[in-house]
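Let us walk through this structure one element at a time. Keep the view open as you read.

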Amino acid sequence: MSLDLPAAPATKDAKSQSEWRHAVRRALLGWRSALDAATHHSLSNQIRAHFTAFLESRAGATVAFYWPIQNEIDLRPVIETHLRAGGTAALPVVPGKDQPMVFHDWTPETKMAPGFARIPEPQDTDPVAVDVLLAPLVGFDSAGYRLGYGGGFFDRTLAAVKRRPLVVGIGFDATRLGTILPHEYDVPVDVIITDRGIQMLGDSLIAAEDKTDVSSSPCHLSS
């Protein structure tokens, strides 16, 4: 599955690269929104299967996931299985524009209400420390740099943490790019999960709850 995307800029100036990223983001979001239901369902099932396998060695982890929007992969069935296995789940709450996200406990019974950008957020639940953080991928490259929606929430959140969680990018393999021309302060993910499988980067083979700094004070991903 190949996509017709804008060519990378010939120059390295920040303006040209930023305009290219915006154009690529629009093209990738357009492709995703146009996926027919059968293809989306088939690819999503493959991703959910790989994600399920990934969590098998992390049954006790607190997994921060995302509420699916704009035809993203819906991981709630896997998260609910993780909860039944004894794990914990969390969803982001955005305190405001240009603020890092805070993750709050979530179960299927949690009361939800529209939050930032009208995305549902948990109500009346406590902030929790996060072991595994899922990041939806609009696009990505093999070095682990992700193209998101352009709001910078994930990078701001990771910059604010005292103990970095294991960051897992989730997306369709068709949106893999040669490079996203990352900014200087972009933070790569540790693991990439697509319909083609699981790609581990760096020391991410170590389960988050097994890392040596797990005994440090909990971080609720806020400043």
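Among the elements that cover the buried residues of α1 are β7, β8 and β10. Contact here means heavy atoms within 4.5 Å. This is a predicted model, in which local features need pLDDT of at least 70, side-chain atom pairs count only at pLDDT 80 or more, and totals for chains, interfaces and linings use all residues. Residues are numbered from 1 along each chain as its sequence is written, and side-chain values use heavy atoms, with hydrogens and water left out. Helices (H or I, at least four residues) and strands (E, at least two) are DSSP runs, numbered from the N terminus.

Start with α1, residues 14-33. This helix has 20 residues and reaches 28 Å from its first C-alpha to its last. That is close to the 28 Å expected at 1.5 Å a residue, the expected span being 1.5 Å times one less than the number of residues. Its buried residues include Trp20, Val24, Leu28 and Trp31. They fall within an arc of 160 degrees seen down the axis, so they line one face of α1. The arc is that of the directions from the helix axis to the C-beta atoms. The face turned away carries the exposed residues Lys15, Arg26 and Ser33. Buried means under 20% relative accessible area, exposed over 50%, partly exposed in between (1.4 Å probe, protein chains only).

Now take the strands. An open sheet of three has the order β8-β7-β10, with mixed pairing. β8 and β10 stand at the edges, each with a single partner strand, so one side of each lacks a neighbour in the sheet. Two strands pair if DSSP finds at least two bridges between them. β7 and β10 run parallel, joined by two bridges.
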